[in-house]
Amino acid sequence: MKSASTLVSNGSIDYKGRIADKRETGGWKASPYIIVNEVVERFAFFSIAVNMVAYLVGEMHQPLPEAATHVTNWSGAAYVLTLLGAFVADAYLGRFSTIITFSCIYALGMVLLTLSGSIDTLRPPQCATKPCIQASTSQTSFLYCAMTLIALGTGGIKPCVSSFGADQFDESDPIEAQKKYSFFNWFYFAINMGAMFGITLLVYVQVEFGWGWGFGIPAGATFASIFIFVGGRRKYRYQKPMGSAFTRFVQVIVVSLRNHLKGVGVVREGGNLYEVDSKESDICGAAKLPHTQQYRYLDKAAVIIEPDGEKKNRWKICTITQVEEFKSFIRILPVWAATIALSISYAQLSTFFIAQANTMDRNLGPDFKIPAGSVPVFSSFNALIVIPIYEKLAVPFFRARTGHPRGITSLQRIGAGLFVSIFAMVSAAAVERTRRGESSGGSRVSVFWLFPQCFLIGTAEVFSYVGQLEFFYDEATEGTRSISSAVFLSEVGIGSWLSTAAVKMVVRGSGGVKKGWLREDLNESRLDYFYWILTGVNALNFFVYLWVARRYKGRRSEPAAAVELAAGQVHDKGDGIF
């Protein structure tokens with residue numbers, strides 16, 4: 001017999017459409033199935049991302065700069081496509097069905113990629129001496145079709161899987177709410193576990209046993225993960241799709257602008273604003289949101305002009321909840337913009353860090369040589385160490401002193417990551433100067449010199465990534481959580497594109513590929529200068545972030561709004577740093 005105390009209060013349902021029972025669904029009973037799906041997706045994605053440049057150059061005979069650009073653009077597109085996946089999930093399919101649908105698309109892309117790596121006719125002939133025969137249009141098109149499907153699959157899975165995992169915890173239950181933040185930490189731990197295996201085991205397989213095996217193993221794992229994910233369907237809690245948030249956003253913009261042009265004003269305290277009379281809002285499955293004073297211009301979309309007029313057409317009048325939903329989305333954008341610089345630095349992990357490794361001593365004993373593409377494992381290995389320590393030691397330590405259930409706020413955690421990223425690029429610049437100096441003398445330094453910069457960039461990611469997961473989920477309304485996660489993830493893609501743009505500007509501004517800072521021969525380049533530029537960008541970005549976070553006023557008060565740092569105090573109405 002189910003009692004009201006065991007039922008969730010956030011509107012989640014079980015697989016039969018009934019209000020979900022906490023004893024039978026959700027929590028850590030359901031989360032492992034979700035985490036496995038993400039582990040495999042990252043396992044497959046990273047095994048491709050870190051070695052695709054080598055495949056395009058060695059097998060498809062593309063020039064190195066062209067191949068690097070293609071991979072960067074592909075990786076960027078995969079993350080920007082999360083906006084599409086989020087839209088489909090929130091508007092039509094729901095998170096569970098979206099994950100299943102796009103996982104199948106991902107699996108199909110992996111099959112095509114495996115065929116490209118296995119069938120000789122899908123690649124140009126092997127080449128011992130240059131110039132090599134370029135891949136034909138049909139061969140290139142087949143490969144790009146596979147990569148497009150993988151990018152599309154990633155775009156559908158990524159924004160939904162973390163939100164779907166967080167949906168398994170009832171925020172109104174203090175015990176489950178605390179477990180939700182542990183889920184975010186272990187979710188990121190799982191991501192790095194998958195990435196670590198992808199950039200070590202599979203890169204080794206690709207080098208030693210060929211591309212067919214290197215692509216075929218993650219393809220098989222992808223199919224297995226789909227069956228495992230579906231196997232947890234009886235334990236999941238589901239949220240119904242709530243319609244297109246983008247449509248609701250446009251409605252608010254259009255109506256507020258039209259009313260502004262008509263000279264419509266807002267009565268102080270919002271006394272002339274419209275809201276439905278029902279207990280719930282008219283957004284399917286979403287609770288009503290209280291009116292706030294921020295962005296009052298948008299309140300004009302909900303002004304009642306004709307008391308007896310039509311109130312069901314949202315292109316003529318919006319509800320307070322609809323307006324507040326849009327306000328909540330707008331509020332997170334400055335924080336999002338102030339964290340993109342970290343993604344530019346992170347993009348170096350799969351580009352110039354690997355290029356550095358190629359010129360270094362990678363021997364591990366007399367019989368084993370570390371693949372250059374496996375160097376990012378230093379970053380993933382960091383997360384496997386830092387997250388358990390942070391979860392088991394740091395969180396209780398800070399919680400005892402601040403009273404905050406997470407120890408520190410999500411914005412403080414993001415700020416810590418941005419601060420560490422400055423020193424990551426300082427380390428990268430110093431190591432590159434040493435590496436270049438040694439190479440000019442005819443010797444090579446050990447690849448383990450790259451460990452500090454990889455470890456620090458990994459530490460920055462541990463703090464900022466999980467902090468952003470928490471922040472964007474918490475600040476999103478019930479109808480925009482997938483979209484908020486997608487906005488956060490899209491910055492990784494935008495960071496990749498900005499990294500490409502930065503490289504092109506530096507090459508053009510410093511004298512070109514033959515005389516500039518970034519040349520074909522890394523030993524003749526001044527890569528350390530480029531790293532110093534990124535150091536300055538990160539430092540400037542950190543201070544911009546502090547300014548944004550200091551003024552941030554959240555959708556709702558943090559549980560520990562009085563938490564203080566040495567530099568100041570958290571806003572009493574938000575999640576700001578000071």
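How close do the axes of helix 13 and helix 15 come, and at what angle do they cross? The points below start with that pair.

1. The axes of helix 13 (residues 377-402) and helix 15 come within 8 Å and cross at roughly 50°. Axes here are lines fitted to C-alpha atoms, for helices over the stretch in contact, and angles run from 0 to 180 degrees between N-to-C directions. Helices (H or I, at least four residues) and strands (E, at least two) are DSSP runs, numbered from the N terminus.

2. This is a predicted model, in which local features need pLDDT of at least 70 and side-chain atom pairs count only at pLDDT 80 or more, while totals for chains, interfaces and linings use all residues. Residues are numbered from 1 along each chain as its sequence is written, and side-chain values use heavy atoms, with hydrogens and water left out.

3. Helix 13 and helix 15 are therefore oblique to each other. Angles under 35 degrees count as roughly parallel, over 145 as roughly antiparallel, 65 to 115 as roughly perpendicular and the rest as oblique. Their crossing is right-handed; a crossing is left-handed if the near helix is turned anticlockwise from the far one by less than a right angle, and right-handed if clockwise. On the helix 13 side the meeting residues include Phe-378, Ser-379, Asn-382 and Tyr-390, and on the helix 15 side they include Phe-451, Cys-454, Gly-458 and Phe-463.

4. Helix 15 (residues 451-475) also packs with helix 10 (residues 320-337): the two axes come within 10 Å and cross at roughly 160°. That makes helix 10 roughly antiparallel to helix 15. This crossing, too, is right-handed. From helix 10, Ser-328, Ile-332, Val-335 and Trp-336 meet Phe-471, Phe-472 and Glu-475 of helix 15.

5. The largest nonpolar core has 142 residues, and Met-52, Phe-530 and Tyr-531 touch the most other members. Helix 7 (residues 174-209) gives the largest share of this core, 12 residues. Apart from it lies another core, of five residues, including Tyr-390 and Phe-463. A nonpolar core is a set of buried Ala, Val, Leu, Ile, Met, Phe, Trp, Tyr and Cys residues joined through side-chain atoms within 4.5 Å. Buried means under 20% relative accessible area, exposed over 50%, partly exposed in between (1.4 Å probe, protein chains only).

6. Leaving aside neighbours within four places in sequence, Met-52 is in contact (heavy atoms within 4.5 Å) with Val-71, Leu-113, Met-147 and Phe-215.

7. Arg-314 lies in the loop between helix 9 (245-261) and helix 10. Arg-314 is buried, at a relative accessible area of 12%. Beyond four places in sequence, the contacts of Arg-314 include Gln-251, Tyr-274, Asp-282 and Gln-322. Arg-314 and Ser-379 are 65 residues apart in sequence and 48 Å apart in space, C-alpha to C-alpha.

8. Leu-81 sits in the loop between helix 3 (64-80) and helix 4 and is partly exposed, with a relative accessible area of 28%. In helix 4 (residues 82-93), the buried residues include Thr-82, Gly-85 and Asp-90. Gly-94 follows helix 4 and has a positive phi, near 85°.

9. The structure holds zero disulfides (pairs of cysteine sulfur atoms within 2.5 Å). For Cys-104, the nearest cysteine sulfur, that of Cys-160, is 14 Å away.
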